[in-house]
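The sequence and the structure come before the notes.

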Amino acid sequence: MRNFVTRLRVWFPPPLILLLFFVTDVLTAIPRFTFDIVNIVLSVLLTGVCITMILHTAWQMSTNGTTLNPLHPDRTTKLVTVGCYAWSRNPIYLGMSGLQLSVALCFGSLVGILAVPLFMFVVARLHIHVEEVQLRKRFGLEWERYTQRVRRWL
């Protein structure tokens with residue numbers, strides 16, 4: 001089973017999972033479900049917040065000299081706990097979840113809105129769990145203290 005999950009992680013990195021959910025949003029769009037300008041404004045605002053959070057988090061990882069690659073959590077060199085990481089252990093994945101919701105709202109996809117928790121579950125099972133095991137091994141007590149202080153999502 002472990003080898004199967006490892007293969008799925010390689011075949012489905014988080015950006016590809018997000019793209020597949022975006023395609024589902026578009027394919028399941030119901031135009032009458034949209035509220036015209038309200039959906040667009042909410043989508044644009046949410047997208048702006050999420051992209052800002054993702055870029056800021058990527059910048060934090062880069063300036064701290066640690067990896068952004070979810071397929072190689074063993075290459076992590078530093079436990080970043082400031083900025084967005086002070087209130088979420090997974091701000092990039094949280095931002096991606098927000099983008100999924102934003103696209104679903106914009107296109108009027110009720111299925112997409114309801115699928116946001118599914119997106120979060122898939123990312124958690126394929127990526128977050130493996131990453132957290134590696135971080136626990138590498139950082140030990142520092143990681144344990146961090147997990148007691150900061151929740152996985154919010």
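## Annotated segments and helix packing

An unreviewed UniProt entry places the feature "transmembrane region" at residues 12-30, 37-59 and 101-128. The model discussed here is predicted. The chain has 7 helices and 0 strands. Helix α2 is described below against helix α4 and helix α6, and helix α1 against helix α6.

**Overall fold**

- Read from the N terminus, the order of elements is α-α-α-α-α-α-α.
- The radius of gyration is 17 Å, close to the 15 Å given by the globule rule for 154 residues, so the chain is as compact as a globular protein of that length.
- The C-alpha trace spans about 50 × 35 × 25 Å along its principal axes.

**Transmembrane spans in the record**

- Residues 12-30, one of the spans that UniProt annotates as "transmembrane region", are 74% helix and 0% strand in the model.
- The end C-alpha atoms of residues 12-30 are 27 Å apart.
- Residues 37-59, also among the spans in the UniProt record, are 100% helix and 0% strand.
- For residues 37-59 the distance between the end C-alpha atoms is 33 Å.

**Helix α2 against helix α4**

- Helix α2 covers residues 14-27 and helix α4 covers residues 91-107; their axes come within 9 Å and cross at roughly 15°.
- An angle under 35 degrees counts as roughly parallel, and α2 is therefore roughly parallel to α4.
- The crossing of α2 past α4 is right-handed.
- On the α2 side the contact consists of P14, P15, L18, F21, F22, D25 and V26, which meet Y93, M96, L99, Q100, V103, A104 and F107 of α4.
- By class, the residues in the contact of α2 with α4 are 12 nonpolar, 1 polar and 1 charged.

**Helix α2 against helix α6**

- Helix α6 covers residues 116-139, and its axis comes within 11 Å of the axis of α2, with a crossing angle of roughly 160°.
- Angles over 145 degrees count as roughly antiparallel, so α2 and α6 are roughly antiparallel to each other.
- α2 and α6 cross in a right-handed sense.
- From α2, the residues P14, I17, L18 and F21 meet L118, F119, V122, V123, L126 and H127 of α6.
- The contact of α2 with α6 has 9 nonpolar residues, 1 polar residue and no charged residues.
- P14, L18 and F21 of α2 are listed in the contact with α4 and also in the contact with α6.

**Helix α1 against helix α6**

- Helix α1, residues 2-11, packs on α6 at an angle of about 105°, and the two axes are 10 Å apart.
- The range from 65 to 115 degrees counts as roughly perpendicular, so α1 and α6 are roughly perpendicular to each other.
- V5, L8 and R9 of α1 make this contact with R125, L126, H127, V130 and E131 of α6.
- The residues of the contact of α1 with α6 divide into 4 nonpolar, 1 polar and 3 charged.

Definitions and conventions: Residues numbered from 1 in each chain as written. Predicted model: local features only at pLDDT ≥ 70, side-chain atom pairs only at ≥ 80, totals over all residues. Heavy atoms only, no water. UniProt positions renumbered as here; feature names shortened; annotations may be inferred. Helix = DSSP H or I, 4+ residues; strand = E, 2+ residues; numbered from the N terminus. Axes fitted to C-alpha atoms, helices over the stretch in contact; angles between N-to-C directions. Left-handed = near helix turned anticlockwise from the far one by under 90°. Contact = heavy atoms within 4.5 Å. Nonpolar A, V, L, I, M, F, W, Y, C, P; charged D, E, K, R; others polar. Rg over C-alpha atoms; globule rule 2.2 N^0.38 Å.
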